[in-house]
There are 2 protein chains.
Amino acid sequence: MSKVSEEQIAQWDLIDPLADKRQLFKLPEKGVYLDGNSLGPMPFSAAERAKEVLERQWANDLITSWNKHSWIDLPTTVGEKIAPLIGAGPGQVICCDSTSINLFKVLSSALSLQPSRSVVLSLAGNFPTDLYMVEGVASLLGEDACHLNLVSEDGLEDALTSEVAVLMLTQVDFRSGRLLDMQRITQKAHEQGILVIWDLAHSAGALPVRLDDCEVDFAVGCGYKYLNGGPGAPAFVYVATHLQSRVTQPLKGWMGHKQPFAFSQSYAQSQSITQFLCGTPSVVSMSVLDAALTVFNDVDMQQVREKSEALGELFIALVEEEEKLADLKLESPKAPQARGSQLAFSHEHAHGICQALIDKGVIADFRAPNILRFGLTPLYLRYQDIQDSVQTLTHIMEQKIYLQAQFNVHHKVT
Amino acid sequence: MSKVSEEQIAQWDLIDPLADKRQLFKLPEKGVYLDGNSLGPMPFSAAERAKEVLERQWANDLITSWNKHSWIDLPTTVGEKIAPLIGAGPGQVICCDSTSINLFKVLSSALSLQPSRSVVLSLAGNFPTDLYMVEGVASLLGEDACHLNLVSEDGLEDALTSEVAVLMLTQVDFRSGRLLDMQRITQKAHEQGILVIWDLAHSAGALPVRLDDCEVDFAVGCGYKYLNGGPGAPAFVYVATHLQSRVTQPLKGWMGHKQPFAFSQSYAQSQSITQFLCGTPSVVSMSVLDAALTVFNDVDMQQVREKSEALGELFIALVEEEEKLADLKLESPKAPQARGSQLAFSHEHAHGICQALIDKGVIADFRAPNILRFGLTPLYLRYQDIQDSVQTLTHIMEQKIYLQAQFNVHHKVT
């Protein structure tokens, strides 16, 4: 890419088809928020809905709101709003619990379908909680029935053998942003009779996902990153229609019963996606997520993807053309189609650089031991923001401000 | 009780030591809310906190709020606020997930401690989701390792044998309000080497619970009933200190790791109550519950209990002295010390009576086939409210209004 001019950047913002989405979010008045891959910023609709749910629905209509304001339908309503963002037809996505707990449900379900196989295959670099949940299932079923096998990405396809029961992958790597080929991998796994679970934590709302087209079996994902559902927002789970009546998930709470309000003594599971519910839905948090999802109304995920790639390409180009940034090493794939919606750079002073950036209003994040992570979120970031961020970064590197920055490690929910 | 005078009722309200708590709640301007055992009404503090969490913490401080506003500590903070209400010393209660999911954690934990025993003993009338969760654990461990045995209350003590691994009981019956003797039953179970799980759904915040004194092993409970935490508020779990490092709960999410932010590949459980966390906490809902709990500041649960009993005695006396209510049969224990904080009456037209009451602003609830349920919540109900409710009930019975009432079954979260 030849040197990018300020005029060119201004022009890109001018013709950006997603430009008017930015006004739907509350953003810092100064600075740039590049951590939407960790916690999406607040859509104004979210605050309005929280007020509505507390001060009108709960306060005034009390228990009658379960029907009057359709609280009871929220898991389905929200699930159906997420479905088109991840390429799922109706009746396959429901909102509930946390990503970890939803993984437990689908892992157990998948393993129960092929009791003669015991291996759960994943990548060594997968997000830790995903791996821990396999350990959790194994602690109940025993190692003979559930055994975690971790391989490197290079070894993945060779490891797809007929001993593998379940392949569990995160589509976009939480550190590097590396994007896996869902279609190819799912197909290769199916050829060996392996069921596939995709974790969409860093892809739902970030790029077009095609669960149905790829014939994915199960998926889970997170409400608080690119879906902007608020801190700790409920998660979601996808189960392909043809599997819903064949599996039984083990967290048999009353909301998964085919007749929750019959209060019958024994469990009779719903034959639909509602089987994947467990306890009472978290109405306040789920309503906030429901409202936040309205920012995706009439959004074409292909446009989101194009802008995401363009923001990434601009970021990389600006870094590459700046000599003072020569020590930053791109840890994300170089090809835009091989990345999700974030960029990672390594630097021995990544820790201090990150704090210096935050001090100057550019909210990025740090991942041990030496990774700077920048989330690129097309609904509210401008090309101008990328330029401003790289300028700030350049200033920090030039002045070596990172040597002074006191890093206040903050616990972050990736 | 001799006929109760209006003057007497007014006098009780006048000297009520809890009278000033009522102003902390948003209550219907007309009518009486007798469904706080299903969904507590909104404390004003809850709405204020929701606004704070969305419009200031999330909106302005974004990801830095995990530290700046101590989001990461919420499960512990809220757990420690609930602890004194249920007689638990520090470090034993944590707020997370739903009651059902917390039951799954403690059931699995308890069963793992005595693998030679397989029976989970409970009462046939226990809340269905509690029983379903045992089925769920059994579906993973196998019937040889987890087998549900249901008995009637009369047969409970005889069923406490050395084959029983776990006794799982709800302290207050969700239909009748019957209160079990936690101390006696826990002791009897322990004499047979049985671990005990108490579900406090209808007791936490309703009456003094003495988990530590009774040497209870595990307990779970609900945030949205007597704790007024809002619809679908997160639940809580109690694990006695001496068991925390001896058990491993199987929902091994990253928040239960001893170093969640080390992102290590394998799970190393926390040795404290935080082991019972799983995924990312639901910050908005949990903050609302945290704020709602401030209404219990400086509340003496013994005073709550005394007023609860007095409200119940008044309700029963007013029903008994009214001939027109002779067909209502008390289904709760007659002795106040044998009840929780609710009353149940049966009537063949309970369905229509409940709807007629709701139409006239007295929010009670109905449980199939013929139960009217009245929640008595001392923090915001006046003695006058009980009188008004019984007067409305009398009017409905006298005029047979229940025959016309169109019952709109609403799904309710008990």
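Q: In this predicted model, is A:Lys21 buried or exposed?
A: Buried means under 20% relative accessible area, and exposed means over 50%. A:Lys21 has a relative accessible area of 9%. That value falls under the 20% cut-off, so A:Lys21 is buried.

Q: Which residue forms a salt bridge with A:Lys21, and how many residues apart in sequence are the parts that the pair ties together?
A: The partner is A:Asp298, with the closest N and O atoms 3.4 Å apart. A:Asp298 is exposed, at 72% relative accessible area. A:Asp298 sits in the loop between α9 and α10 of chain A, and A:Lys21 in the loop between α1 (6–15) and β1 (25–26) of chain A. The pair therefore ties together parts that are 277 residues apart in sequence.

Q: Which residue forms a salt bridge with A:Glu157, and where does that partner lie?
A: The closest N and O atoms of A:Glu157 and A:Arg184 are 2.7 Å apart. A:Glu157 is partly exposed at 32% relative accessibility, and A:Arg184 is partly exposed at 41%. A:Glu157 belongs to the loop between β6 (147–151) and β7 (164–170) of chain A. Its partner, A:Arg184, lies in helix α7 (residues 182–191) of chain A.

Q: How many residues apart in sequence are the parts tied together by A:Glu398 and A:Lys324?
A: These two form a salt bridge, the closest N and O atoms being 3.6 Å apart. A:Glu398 lies in helix α12 (residues 383–399) of chain A, and A:Lys324 in the loop between α10 and β11 (329–330) of chain A. The pair thus ties together parts separated in sequence by 74 residues.

Q: Which residues do salt bridges with shared partners join into one network?
A: Over all chains, the count comes to 44 salt bridges. Some share partners in chain A, and one network joins A:Arg22, A:Arg382 and A:Asp385.

Q: What area do chain A and chain B bury between them?
A: The contact takes 83 residues from chain A and 83 residues from chain B. A:Trp58, A:Ile63 and A:Tyr132 supply 12% of the area that chain A buries against chain B, more than any other three residues. Carbon and sulfur atoms carry 72% of the buried total, which is about 7,000 Å².

Q: How many residue pairs are in polar contact between chain A and chain B?
A: Salt bridges across this interface number zero. Polar contacts, with both residues at pLDDT 80 or more, come to 19 residue pairs.

Q: Which element gives the largest share of the side of chain A that touches chain B?
A: By class, this side has 47 nonpolar, 27 polar and nine charged residues. Elements supplying at least two residues each include α2 (44–61), α5 (99–113) and α6 (128–141) of chain A. The largest share is eleven residues, from α6(A).

Q: How many residue pairs are in polar contact between domain 1 and domain 2 of chain A?
A: Domain 1 covers 6–42 + 300–403, and domain 2 covers 70–296. Their C-alpha centres lie 30 Å apart. The two domains bury about 2,000 Å², with zero salt bridges between them. Polar contacts, with both residues at pLDDT 80 or more, number twelve residue pairs.

Q: Is B:Ser65 buried or exposed?
A: B:Ser65 is found in helix α3 (residues 65–68) of chain B. Beyond its neighbours within four places in sequence, B:Ser65 is in contact with B:Gln57, B:Trp58, B:Ser70 and B:Trp71. Its relative accessible area is 0%, so B:Ser65 is buried.

Methods:
Residues numbered from 1 in each chain as written. Chains lettered and ligands numbered in written order. Predicted model: local features only at pLDDT ≥ 70, side-chain atom pairs only at ≥ 80, totals over all residues. Heavy atoms only, no water. Contact = heavy atoms within 4.5 Å. Buried area = accessible area lost by both parts, 1.4 Å probe. Salt bridge = Lys/Arg side-chain N within 4 Å of Asp/Glu carboxyl O. Polar contact = N/O pair within 3.5 Å; in protein donor to acceptor, adjacent residues only side chain to side chain. Helix = DSSP H or I, 4+ residues; strand = E, 2+ residues; numbered from the N terminus. Nonpolar A, V, L, I, M, F, W, Y, C, P; charged D, E, K, R; others polar. Domains from an automatic or database assignment. Buried < 20%, exposed > 50% of the residue type's maximum accessible area, 1.4 Å probe, protein only.
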